[in-house]
Amino acid sequence: MGNLKLKGKDILKLGYPNNQSVNVALEVMKRNFATKNIHHVKSILKDILLNPENFEKDLTFGQIAESLLSSRKTEKRMLNSQRASFQIFGNNISEEAKNQLYTALKLPISTQGALMPDAHSGYGLPIGGVLAVENAVIPYGVGMDIGCRMSLSILDIPVSYLDGARDKYEKALAEHTKFGMYETHKSHVDHEIFERDTFGMIPILRRLKGKAIKQMGSSGGGNHFVEFGEVEITEEEEQIGLPKGKYLGILSHSGSRGLGAEIAQYYSRVAADQCPLPKEAQQFAWLDLNTHLGLEYWTAMNLAGDYASACHDDIHRRLVKAVGGRVKARIENHHNFAWKEIHNGKEVIVHRKGATPANENELGMIPGSMTAKGFIVRGKGNPDALNSASHGAGRAHSRGECRSLFTQNDIKKELKLKKVTLIGGNTEEAPMAYKDIHEVMNAQSELVDILGTFQPRIVRMDK
């Protein structure tokens, strides 16, 4: 075979699919280019990979081109003519959001779907969309902010302090929360998550570890928030362990920051390369969980989810330290994630993109807007909804529409009316941008029981 030091892993690094084409390329190049420079050989292989059609008739390289083209042919995916079964909860849902779900239901891997009453259109799966598939994961079905979640801490401080010592609580939010791409805390915590082997196992995670450490305990832009407010427990629940009544609470909404966003972008691109689909379904490209890449994304997604949870722990820790008191109860849930669950007697992967897990007796938090109440809920495990509920009120107007429809003055009037103080925020997140949370909750009475409410009083968002 001469002295060409070419290995299979060198060919994989060029972007060759992990199949028979690697062995064919290795054999052909060692047979024909045994004495050539390895960089020259790699550049030829790269050319073949980029345009295999140009080399199909080539006597030397035709075999490599053929192996690449035949593997591509087997990967071409078609949509089913029939949709998988689905249920839509609520009436105030755009046709665009429904059509996005309908396309997802035609994927050959789809088994069931649902739309929550807060649904609106997104990239790929609509926000408020739930999709169960067989043995695969769709990066765009999870979304760009992996593990985005709600976290509510109920404190043993009298709720009257929010009026009596409002300056103290405003100061705590202004000084101890960080938002957006550029704000970070001066002191960083040594959280156990950074000791995990997972960070060293996957190249993209190794690269992102420094950013994750830097952004720990911070919140994203857009609709992410941290707020002090009034919790009212209306139904006693053993898991909460508090009598009926009013309490002071901290509520946060954020995800996995730059770590999750870059994982999502990278694996969405990889999935699109691996899984060509018709144009209208391109954003539903999936990774098979039996493949190395599928397992890699699944591992990275779970790490991002745990990181999002750790960020919330740090946000709440800093605020409790600043205002005093003790945490009496904590309620939290992801709403951009994929889970392995049993439905209709078989294991499926359930994607909830902007949907709250609502398994039987599972607690969750569904926020309203910066002025509207949110709701503490207990899941009913409704199989038609794939054990899910809404993740909020849902947008009635897009961010672009909000910029032309509402002014800062409109927001100020609404805040004054509802006695809410806002630090940061912009017209894109105006309270009027959202659907009526009471209508949304009425539309999902079959999905959750209401145990209590959270009324925002002091809200901090990105500027």
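Student: Is Glu 429 buried or exposed?
Tutor: In this predicted model, Glu 429 counts as buried because its relative accessibility is 3%, and the cut-off for buried is under 20%.

Student: Where is Glu 429 placed?
Tutor: Glu 429 sits in the loop that runs between β16 (421-423) and α15 (437-442).

Student: Which side chain does the side chain of Glu 429 join in a polar contact?
Tutor: That partner is Tyr 434, and the contact between the two side chains is 2.4 Å.

Student: On to Gln 455. Which strand holds Gln 455?
Tutor: Gln 455 belongs to strand β17, which covers residues 448-461. Gln 455 also counts as buried, because its relative accessibility is 11%.

Student: What does the side chain of Gln 455 reach?
Tutor: The side chain of Gln 455 reaches the backbone oxygen of Thr 371, at 2.9 Å.

Student: A change of topic: which residues gather in the patch of positive charge on the surface?
Tutor: The patch brings together Lys 5, Lys 7, Lys 9 and Lys 13. Of these, Lys 7 lies in the segment before α1 (8-13).

Student: How does Lys 7 count in terms of accessibility?
Tutor: Lys 7 counts as partly exposed, because its relative accessibility is 47%, and exposed requires over 50%.

Student: And where does Asn 135 lie?
Tutor: Asn 135 is in the loop between β3 (127-133) and β4 (136-137). At 35% relative accessibility, Asn 135 counts as partly exposed.

Student: How many residues apart in sequence are Asn 135 and Asn 302?
Tutor: They are 167 residues apart in sequence, while their C-alpha atoms are 16 Å apart in space.

How values were computed: Residues numbered from 1 in each chain as written. Predicted model: local features only at pLDDT ≥ 70, side-chain atom pairs only at ≥ 80, totals over all residues. Heavy atoms only, no water. Patch = residues over 30% accessible without salt bridge, like charges linked within 9 Å, V, L, I, M, F, W, Y side chains within 5 Å. Areas by Shrake-Rupley, 256 points an atom, 1.4 Å probe, with all protein chains shown as cover. Salt bridge = Lys/Arg side-chain N within 4 Å of Asp/Glu carboxyl O. Lys, Arg positive; Asp, Glu negative; His and termini not counted. Charge placed at Lys NZ, Arg CZ, Asp CG, Glu CD. Helix = DSSP H or I, 4+ residues; strand = E, 2+ residues; numbered from the N terminus. Buried < 20%, exposed > 50% of the residue type's maximum accessible area, 1.4 Å probe, protein only. Polar contact = N/O pair within 3.5 Å; in protein donor to acceptor, adjacent residues only side chain to side chain.
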